[in-house]
Amino acid sequence: MSTPGVGAGNEAQRDAWDGETGAYWADHIDRFEAVGAAHGRAFLEAAAVGAGETVLDVGCGAGRTSLDLAPGAAPGTVTGIDLSTRLLAIARARAAAAGLDTVVFLQADAQVHPFPAAATDLVVSRHGTMFFADPAAAFANLARALRPGGRMVLLTWRGIEHQEWLRTFNTVLAAGREVRFPPPHGPSPLSLSDPDRVRALLEGAGFADVELEGHRAPMVFGADPDDALGYVAGMQSGLLGDLDPAARDDALAALRADLVAHHGPDGVTYDSATWIVCARRP
């Protein structure tokens, strides 16, 4: 297993994404990408990539965003950066299969990687910038990578009050224990959910014209309750690991009942909301 160097405080993220978490995502990548597709079109439209632009995709995972942007950027290049050996292997295989020779993938930590200065036209990240231990340093590093006038477009989650899926799964699988949600600060899916914090971080890192646009869409977790149950239980396995067998069975039964209640013509759906964050390097 590769162990890329990372910035201070990012060791846990490296160990997870270049370890069991990254492996689980790689084994279920088509499902993860399908569930997350609800907000993807608006994000790609906001990126508005132009022909000949140089693009950096932060937290690229299996390369979906990089591959989506590459044709529009050509003959410009797209570089995807991630910590996961397994996900990057999928990304490279996908690029080769599609014949996209303007896309490259790099295993590194965007918080500290020495990107060529002022050489990038567009930085994008689909749910990849919420996990930096030092987001101020990370965004300053990305600002240095952008040319003057260069753009950054991020897709991040809004607050827990907007995430029916996350509130429900965490509550049901708590199984009577204290319900815990991802914190709004620190490495977390919700760390860029507060617009004031986002503006302060990006402006402090040297960005200007910071704007956040809210989007809401249902996420489809499965074709039917049984299909969704296996996926959600695996995705949230950390909430089930310390339950005894009887309590675990009860929690899964409660989860299935909730999935049944959310089953409709489009599958098993839960409400979700994101920010599209746009900023510019002066």
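1. A residue is called buried here when its relative accessible area is under 20%, exposed when that area is over 50%, and partly exposed in between (1.4 Å probe, protein chains only). Helices (H or I, at least four residues) and strands (E, at least two) are DSSP runs, numbered from the N terminus. The model is a predicted one, in which local features need pLDDT of at least 70, side-chain atom pairs count only at pLDDT 80 or more, and totals for chains, interfaces and linings use all residues. Residues are numbered from 1 along each chain as its sequence is written, and side-chain values use heavy atoms, with hydrogens and water left out.

2. Helix α11 covers residues 245-261, 17 residues in total, and reaches 24 Å from its first C-alpha to its last. That is close to the 24 Å expected at 1.5 Å a residue, the expected span being 1.5 Å times one less than the number of residues. Its buried residues are A251, L252, L255, D258 and L259. Seen down the axis of α11, these fall within an arc of 120°, so they line one face of the helix; the arc is that of the directions from the helix axis to the C-beta atoms. On the face turned away from the buried side of α11 are the exposed residues D250 and A261.

3. Which elements do the buried residues of α11 pack against? They pack against α8 (164-174), α10 (225-235), β7 (263-264) and β8 (267-280), where contact means heavy atoms within 4.5 Å. Helix α8 has its own buried residues, namely W165, L166, T168, F169, N170, L173 and A174. Their cover includes β5 (146-157), β6 (208-222), α10, α11 and β8. Just after α8, A175 takes a positive phi of about 55°.

4. A nonpolar core is a set of buried Ala, Val, Leu, Ile, Met, Phe, Trp, Tyr and Cys residues joined through side-chain atoms within 4.5 Å. The largest such core has 53 residues, of which F139, L142, M152, L202, F207 and F221 touch the most other members. Helix α7 (residues 135-145) supplies the largest share of this core, six residues. Leaving aside residues up to four places away in sequence, L202 touches F139, M152, F207, V210, V277 and A279. A second, separate core has 19 residues, including F43, A47, A73 and A91.

5. Helices α2 (residues 20-27) and α6 (residues 85-98) pack at an angle of about 35°, and their axes are 7 Å apart. Axes are lines fitted to C-alpha atoms, for helices over the stretch in contact, and angles run from 0 to 180 degrees between N-to-C directions. The contact involves G22, A23, W25, A26 and D27 of α2, together with R86, L87 and I90 of α6.

6. Some backbone features deserve attention. Most residues other than glycine have a negative phi, and most peptide bonds are trans. A cis peptide bond joins A74 and P75, with omega about 10°; P75 is in the loop between α5 (64-73) and β2 (78-82). A48 has a positive phi, near 45°, and lies in the loop between α4 (40-47) and β1 (55-58).

7. The loop between β3 (103-107) and β4 (120-126) contains P114, which counts as exposed at 68% relative accessibility. A118 is placed in the loop between β3 and β4; its phi is positive, near 50°, and A118 is partly exposed, with a relative accessible area of 37%.
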